[in-house]
Amino acid sequence: KANGKIAMKLPENTTLIGAQICKNDNDVLLTTAQGKAIRFNTEDVRIFKGRDSVGVKGISLKTDDAVISMAILKHIEVSTEERLAYFKMRRAITGEDSGVENDEISTLVLSQERYVELGALEEWILTITSQGFGKRSSAHEYRRSGRGGQGITSANLERRQDSIIASFTVEDDDQIMLVTSAGQSIRCSVSEISRQSRSASGVRVFDTKGDENVVSVAWIADTTEDAG
């Protein structure tokens, strides 16, 4: 139809923020403006008969908070002990500080094969805030839980009036473009943005001035073509 079709029945004061294709073996990651995130299996969302259904709750929101992004992640079977042991081993090999709390309590020693496997399956979540800060965090840090909970911390937002405006998966070769409320824009490589823990505050990506805020982030895939 020229005027479109109903994608979802929206309760009062609710807007649609995203729609993506997913499979039963995927996970959904919802992130809120106030720095909360929840990861759950797509099968936790039952299939509805009609497009105009209201749906089910993905995350419980606090007052004045709102979901700002949805990402689809590969589902990985990994225990808490394996996850902590992986970050501990990666820090010893690469020197990267994952920032995962209490990783010293893990007594599990990963085999080299399991470490390589988890590394190959690792996805990276890019998070950008309204004041121009950003970071990349390992998707392994976002443990899976049941839908409908309050989620876990996805960024340190101690800076006054800062909020998350974008959170999605990226590759090292990708680029992003940030646009501000003052009409300024900047394009940068994802590889230039530091890898930090899920609860870190990020690094300056865009130097906003005064009341200027980042209002939009666009993902730009690597488009390099082979010579010839």
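Mentor: Let us begin with a definition: a residue is called buried when its relative accessible area is under 20%. The model before us is predicted. In helix α1, the buried residues are E82, R83, L84, A85, Y86, F87, M89 and R90.

Trainee: What covers the buried residues of α1?

Mentor: The cover includes α2 (112-121), β4 (124-129) and β5 (133-138).

Trainee: How do you know that the span of α1 is close to the expected one?

Mentor: Helix α1, residues 80-94, has 15 residues, and at 1.5 Å a residue the expected span is 21 Å. From its first C-alpha to its last, α1 reaches 21 Å. Just after this helix, G95 takes a positive phi of about 85 degrees.

Trainee: Why does T31 count as buried?

Mentor: T31 belongs to strand β1 (residues 26-32). Its relative accessibility is 2%, and the cut-off is under 20%, so T31 counts as buried.

Trainee: What makes the pairing of the T31 and S167 side chains a polar contact?

Mentor: The limit for such a pair of N or O atoms is 3.5 Å. The two side chains make their polar contact at 3.5 Å.

Trainee: Which residues have the most contacts inside the largest nonpolar core?

Mentor: That core has 14 residues, and those with the most contacts inside it are L126, I128, F168, I176, L178 and V217. Its largest share, three residues, comes from β7. Apart from this core lies another, of eight residues, among them I76, M89, L110 and Y115.

Methods. Residues numbered from 1 in each chain as written. Predicted model: local features only at pLDDT ≥ 70, side-chain atom pairs only at ≥ 80, totals over all residues. Heavy atoms only, no water. Helix = DSSP H or I, 4+ residues; strand = E, 2+ residues; numbered from the N terminus. Expected span 1.5 Å × (residues − 1). Buried < 20%, exposed > 50% of the residue type's maximum accessible area, 1.4 Å probe, protein only. Contact = heavy atoms within 4.5 Å. Polar contact = N/O pair within 3.5 Å; in protein donor to acceptor, adjacent residues only side chain to side chain. Core = buried A, V, L, I, M, F, W, Y, C linked by side-chain atoms within 4.5 Å.
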